[in-house]
Amino acid sequence: MTSGKPLNTLLKFSLPLLAGSVIQNLYNIFDTAIVGHVLGHSSEATTRDVYTHLRGNKRQEQEEAINRIWIS
């Protein structure tokens, strides 16, 4: 792990993270599309606009939690 080119090591460790991120984003896209279709919305944008309030301040809460971890 400490021998060889650093770029190769970084790529080995970053590719699973990148793949996981792509899969999670695809899940979110398909989830929104399926929910919108079941509810009869004309587009994904309609579904996102109507149900944004359900997410609340989750993103802000997550950012604050990450900041607490990194700052302390």
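Modeller: A term to begin with: pLDDT is the predictor's confidence in each residue, from 0 to 100. The model is predicted, and 90% of the residues of the protein chain score at least 70.

Biologist: Which element of the protein chain has the lowest mean pLDDT?

Modeller: Helix α1, residues 6-39, has the highest mean, at 87. At the other end, with a mean of 75, is helix α2 (residues 44-55). Where pLDDT is low, the predicted coordinates should not be read in detail. The element with the lowest mean is helix α2.

Biologist: Is the protein chain spread out or a compact globule?

Modeller: Its secondary structure consists of three helices and zero strands. For 72 residues the globule rule gives 11 Å, whereas the radius of gyration is 18 Å, well over that, so the chain counts as more spread out than a compact globule. Along the principal axes, the C-alpha atoms fill a box of roughly 55 × 30 × 15 Å. Compared with a compact globule, then, the chain is more spread out.

Biologist: Does Pro16 count as buried or exposed?

Modeller: Pro16 sits in helix α1. The cut-off for exposed is over 50% relative accessible area. Because its relative accessibility is 54%, Pro16 counts as exposed.

Biologist: How far apart in space are Pro16 and Trp70, C-alpha to C-alpha?

Modeller: In sequence, 54 residues separate Pro16 and Trp70. In space, their C-alpha to C-alpha distance is 23 Å.

Definitions and conventions:
Residues are numbered from 1 along each chain as its sequence is written. This is a predicted model: local features need pLDDT of at least 70, side-chain atom pairs count only at pLDDT 80 or more; totals for chains, interfaces and linings use all residues. Side-chain values use heavy atoms; hydrogens and water are left out. Helices (H or I, at least four residues) and strands (E, at least two) are DSSP runs, numbered from the N terminus. The radius of gyration is taken over C-alpha atoms; the globule rule is 2.2 Å times the number of residues to the power 0.38. Buried means under 20% relative accessible area, exposed over 50%, partly exposed in between (1.4 Å probe, protein chains only).
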